[in-house]
Structure formats: C-alpha cells, structure tokens
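Work through the exercises below with the sequence and the model side by side. Try each task before reading its solution.

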Amino acid sequence: MSKMNPLTSKIIFIIGMILWLLVRIPYQKEQKKNTIVDDRKTIQEKLVRLLLLIGILFLPLIYVLSPWLNSVNYQLPIWANVLGIAALMLSLWLFWRSHHDLGKNWSSTLQIREGHTLTTNGVYQNIRHPMYASVLLLCVAQALLLPNWIAGLSGFIGFSIAYATRVNQEEQMLLDRFGDEYEAYRQSTKRLVPYLF
C-alpha cells in the first residue's frame, strides 16, 4: 500500500491550522469593537468550546510534537491523505468565506452585537451554517492526515458535541432577533450541505 510520509501529513495539517488561525484573527479584532446587545454565553458553551479546542488543536499538537499517542496509529493509503488535503483546502476556503460574508455580523460565541443584520448572501445563500460545515471538513482532514485513533478522530467528537449543543441555540437567538425574516431564510436553506441537510 502506497502511503504518504507521516511527517509530511503532519506538516500539512499544522500549516492548515496556522492558516485557520490567521483567517480568524482580523475578525476577532473587529468583533471586539462592536457593542454586545444580546449575550447568551453560558458555562456549558464555554466547556463545549474548550472540548472542541482540545479535539481540534491540543490533541493533534500532542500527536504531531511527541510520540505519546503513536501506539494507536492506523494506516491509510495515499489517496486518503490526498482527500484529506482537499478537505483541508476546502475547509480553509469555506472558513474564510464564511467570515468574509458575515463581516461585522460574526461572533465566536452566542452573541448579537450592535448593528447586526441577517446575512443571506454569499455562502449563506445556500447553507445557514457554513462555518460549522468548514469545521466538519477540518475534522475530515484531521482524520485523513493524522492517522491516529485519538488525535485523528478527536475533532469529530468535539465537533459532534458542539454542533448538537449549540446550533439550535444559535438558530433560536437569530429567530428571536429577526423573527419571520429568519424563519423564511431557514425554510429556504439547509444547515450544512446545500440541498441535502
């Protein structure tokens, strides 16, 4: 079975994570300038975000920088690694585009800020939660580039918990804010994958 050098796939994943962080930094700075008008952050959300961070960043970093998790490695063919690179690239593009289309409406937590408008253009024209879709694609890339039962799959676990506990709260917050306008938007789009679900 032809396979990619494990160091190469680790380096590609780390470069992807650095780019991921670089996409978010300017939007985080801009977000802090806007006044919060509706804050629904809870301890549960903070714990879920921490769990997601552990699954997508900390465990992969432990795997990349140390041999501690090597006892649970698995083998993948090179085509799976190539698919992982494609998923990573699509994830990065969708992550950037989601931030770009939201502009000042973006928030990393369950908050609505002053001047918040409903974004229904760009990637939001077809799916309501493209940023979640980008994280899901990142988790696919992680599993295909980091062939380890802990570091490779921890992103899926964190994402699944975050998605299950947060997306309904986010939609309710937007429904409370935008009412019928958001309901009509919700009826005309899918959550994660255009035309499917």
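**Exercise 1.** How many cavities of 30 Å³ or more does a search of the whole structure find? Describe the lining of the largest cavity.

*Solution.* Keep in mind throughout that this is a predicted model. The search of the whole structure finds one cavity of 30 Å³ or more, and about 40 Å³ of space lies in the largest cavity. Next, look at what surrounds that space: the lining consists of T42, Q44, E45, V48, T165, R166 and Q169. Helix 2 and helix 5 are the elements that give two or more residues to this lining. Finally, sort the lining by class, which gives one nonpolar, four polar and two charged residues.

**Exercise 2.** What is the volume of the largest pocket, and which residues are the closest to its centre?

*Solution.* Begin with the volume, which is about 1,000 Å³ for the largest pocket. Of the 44 residues that line this pocket, R24, W106, S108, M131 and R166 are the closest to its centre. Then ask where the lining comes from: two or more residues are given by each of helix 1 (6–31), helix 2 (43–65), helix 3 (78–102), strand 2 (111–113), helix 4 (130–145), helix 5 (154–178) and helix 6 (180–188).

**Exercise 3.** Are helix 4 and helix 5 roughly parallel or roughly antiparallel? Find the residues that make their contact.

*Solution.* First consider the axes of helix 4 and helix 5, which come within 9 Å and cross at roughly 170°. Angles over 145 degrees count as roughly antiparallel, and therefore helix 4 is roughly antiparallel to helix 5. From helix 4, the contact is made by Y132, V135, L136, C139, V140, Q142 and A143, while helix 5 contributes S154, G155, F156, F159, Y163, R166, V167 and E170. Sorted by class, the contact of helix 4 with helix 5 has ten nonpolar, three polar and two charged residues.

**Exercise 4.** Which pattern of secondary structure does the protein chain follow along the sequence, and how does its radius of gyration relate to the globule rule?

*Solution.* Count the elements of the protein chain, which come to six helices and two strands, and then read them along the sequence to find the pattern α-β-α-α-β-α-α-α. The radius of gyration is 18 Å, close to the 16 Å that the globule rule gives for 197 residues, so the protein chain is as compact as a globular protein of that length. To complete the description, the C-alpha trace spans about 55 × 35 × 25 Å along its principal axes.

Terms used
Residues numbered from 1 in each chain as written. Predicted model: local features only at pLDDT ≥ 70, side-chain atom pairs only at ≥ 80, totals over all residues. Heavy atoms only, no water. 1 Å grid on protein atoms, 1.4 Å probe; cavity = no way out; pocket = protein on both sides within 12 Å on 5 of 7 lines; lining within 4 Å. Points joined across faces, edges and corners; volume = space filled by probe spheres on them. Helix = DSSP H or I, 4+ residues; strand = E, 2+ residues; numbered from the N terminus. Axes fitted to C-alpha atoms, helices over the stretch in contact; angles between N-to-C directions. Parallel < 35°, antiparallel > 145°, perpendicular 65-115°, else oblique. Contact = heavy atoms within 4.5 Å. Nonpolar A, V, L, I, M, F, W, Y, C, P; charged D, E, K, R; others polar. Rg over C-alpha atoms; globule rule 2.2 N^0.38 Å.
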